[in-house]
Amino acid sequence: MSLHSNHPYHLVEKSPWPLIASVSALMMVAGLVKWFHDFKVSLFLFGVVSILLVSAQWWRDTVREAAFQGLHTLKVAQGMRWGMVLFIVSELLFFFSFFWAYFHSSLSPTSEIGAQWPPASINGFNPFQIPLLNTAILLASGVTVTWAHHAILENEHSQSVQGLLATVLLGGYFTFLQAFEYSESAFSIGDSVYGATFFVATGFHGLHVIIGSTFLCVNLWRLVQGHFSSAHHNGVEAAIWYWHFVDVVWLFLYVSIYWWGY
Amino acid sequence: MSSAESQLPWTAPFDARYPNMNQTKHCYKSYIDFHRCQKLRGEDYEPCQYFKKTYTSLCPNEWVSKWDTQRAEGTYPCKI
Amino acid sequence: MVPTWSSFGLQNSASPSMEQLTFFHDFTMVVITLITVTVGLNMFLICSCLLTNRLLLQEQVVEIVWTVIPVFILLSIALPSLKALYLLDDPFTPSLTIKAVGHQWYWSYEYSDFPGIEFDSYMLPESDSLSIARLLETDNSLIVPSFSQIRVLITGSDVIHSWAVPSLGVKADAVPGRLNQVMLYVNRSGVFYGQCSEICGANHSFMPIKLEAVPMAYFIKWALKSS
């Protein structure tokens, strides 16, 4: 790839990852359906591992193109940012559908669940115990991630590392508490529409916390490696946006599912 | 006309608590009211029959038999 | 009331609700016709006129006039529409309750005010000698007394269906787990037909509703015999 082109765009090279990612996604979904129909879970796990491997390598390539080959010009970076914005909007719509399902079932509860919400004999979590702590943790992580962001902008390297590290640790703590709370649960995903909407919504949020933490972790490593400047740090900025999105979704989950629905 | 209508048996009247098209709760609550009334006042207490006639008027038979089974099995989703 | 070939309008009304709906329909058609003729005439004139005003850049007065007048036209449609809507929803004290349950693919009816009247209503095949109206006849019809206030409670047992009788001006979804109430008052004796109005599967088109309104004395006789 020549560095002297007459346009600002990044013409990507041949890559095996789109094809392998597609095949892995197919295996994952097919494996999931298979698993749901009481067959072995192996195909699903194979698909997941395959997806993880492809993701790691695809993004490794992207990092190399950005940090070492200098292919992410201002124009390309702008496109990347728009892509991230649209991705986050689509994720918001994804969660919107879970909230829709939740409010559909909770605002007019059917007689099958005792015409009440939470349904008869469902003991939900007390919102002022672990869920409130989790809310505080995520809000605090929002503060630390902003600290890290400003430190990057001000060229304060050690502070940015500290801020990002604190965010990652808070994310990990949140995940640990959620896992603990799940293990203590008095109801399962099979317990009426309450269990279904609760675990699907909070479960997908938990998955997004894990993804966001991993995203931040990778960017912490890149920060330590010196990939970022105060002027050009798209990767960490995308991770920060994503983290804020996860944070906002939690606030809605907390207020409507844990608190209002208690 | 009213003399002809008087030959009709009793049916559940309009209830101001359920003014809307959706009458699900009208049926559901009458069913519960009847069984609570019976539990409270005994099976021979005549006024409880009002609730029974109401839910018989309103609830689909399939629902009633399902709820009766659930009550017998102890899985009915409401405390009587 | 059998719907017949090449009938453009609504079926004749047989209930106060349908009278309201027919009135509203006719009124709206008048408005639509006036608008269509006016707009059509103007379009024709614009297209056929060879003159062009090169200096015409704006005309505030006509802009205001053709914005404000439609507001009043729309209001004059909205108000009768709301009136009809609220009249349809108006609950009265019923003298009889009937339950209509949608199944894949037939309706079943319960008259729980009488002991044990409960039956299924399947479509009659075309070959049946009793089949006059194609795809609309049933083996057991819903029998109701005319000139009485009837509450119909509609629900589904498997998927969403919809219970509708056009000439009586009633239509309500039959949703599993929910009871929808419509108020029925048939103001003449006769046979009225309707069809399932929510796509519900393969035989959605073959689960008609046939309603027979009979004088009260005959209804009582029928009910006592059936219960």
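Q: In this predicted model, what share of the contacts in chain B between residues at least 6 apart in sequence joins residues at least 24 apart?
A: The share is 62%.

Q: What secondary structure does chain B have?
A: Chain B holds four helices and zero strands. Along the sequence these elements read α-α-α-α.

Q: What makes a residue of chain B count as buried, and what percentage of the chain does so?
A: The cut-off is a relative accessible area under 20%. In chain B, 39% of the 80 residues are buried. Along the principal axes, the C-alpha atoms of this chain fill a box of roughly 45 × 30 × 25 Å.

Q: What are the corresponding values for chain A?
A: Chain A has 262 residues, and 40% of them count as buried. The box filled by its C-alpha atoms is roughly 70 × 40 × 30 Å along the principal axes. Among contacts in chain A with a separation of 6 or more, 74% are between residues 24 or more positions apart.

Q: Which elements does chain A contain?
A: Chain A contains seven helices and zero strands. From the N terminus on, the order is α-α-α-α-α-α-α.

Q: How do you know that the span of helix α1 of chain A agrees with its number of residues?
A: Helix α1(A) covers residues 17-36, which is 20 residues, and at 1.5 Å a residue these should span 28 Å. The expected span is 1.5 Å times one less than the number of residues. The end C-alpha atoms are 28 Å apart, so the two values agree.

Q: Which residues of α1(A) are buried, and why are they said to be on the same side?
A: The buried residues are A:Trp17, A:Ala21, A:Ser24, A:Met27 and A:Gly31. They lie on the same side of α1(A) because they cover an arc of only 125° around the axis.

Q: What do the buried residues of α1(A) pack against, and what does the face turned away carry?
A: The buried residues pack against α2 (42-68) of chain A. The face turned away from the buried side carries the exposed residues A:Leu19, A:Leu26 and A:Phe36. These three are called exposed because the term is given to residues over 50% relative accessible area.

Q: What is the phi of A:Asp38, which follows α1(A)?
A: The phi of A:Asp38 is positive, near 70°.

Q: How do you know that chain A and chain C do not touch?
A: Touching is judged by contact, and contact means heavy atoms within 4.5 Å. Chain A and chain C do not touch, and their nearest C-alpha atoms are 7 Å apart.

Q: Of the two pairs of chains in contact, which shares the most contacts?
A: Chains B and C share the most.

Q: In what order do the strands of the five-strand open sheet of chain C run, and what makes two of them edge strands?
A: The order is β3-β2-β1-β5-β8, with mixed pairing. The edge strands are β3 (117-121) and β8 (180-184) of chain C, as each pairs on one side only. On average, neighbouring strands of this sheet are turned by 20° against each other, direction ignored.

Q: Why are β2(C) and β3(C) called a pair?
A: Two strands pair if there are at least two bridges between them. Strand β2 (residues 106-111) of chain C and β3(C) have five bridges, in the antiparallel sense, and therefore meet the condition. In β3(C), C:Glu118 is the bridge partner of C:Glu110.

Q: Which helix of chain B packs on this sheet, and which strands does it touch?
A: Helix α3 (residues 49-58) of chain B packs on the sheet and touches β1 (96-103) and β5 (150-156) of chain C. The direction of this helix makes about 45° with that of β1(C).

Q: What is the order of the three-strand open sheet of chain C, and which are its edge strands?
A: The strands follow the order β4-β10-β9, and the pairing is mixed. The edge strands are β4 (142-145) and β9 (190-194) of chain C, each pairing on one side only. Neighbouring strands here are turned by 25° against each other on average, direction ignored.

Q: How many bridges join β4(C) to β10(C)?
A: Four bridges join β4(C) to strand β10 (residues 209-214) of chain C, and the two run parallel. C:Leu142 stands opposite C:Leu211 in β10(C). Helix α3 (residues 216-226) of chain C lies across β4 and β10 of that chain, at about 135° to β4(C).

Q: What does the UniProt annotation say about residues 2-92 of chain C?
A: The unreviewed UniProt entry annotates these residues as "domain: Cytochrome oxidase subunit II transmembrane region profile". In the model, the span is 69% helix and 0% strand, with end C-alpha atoms 28 Å apart.

Key: Residues numbered from 1 in each chain as written. Chains lettered and ligands numbered in written order. Predicted model: local features only at pLDDT ≥ 70, side-chain atom pairs only at ≥ 80, totals over all residues. Heavy atoms only, no water. Buried < 20%, exposed > 50% of the residue type's maximum accessible area, 1.4 Å probe, protein only. Arc of directions from axis to C-beta. UniProt positions renumbered as here; feature names shortened; annotations may be inferred. Axes fitted to C-alpha atoms, helices over the stretch in contact; angles between N-to-C directions.
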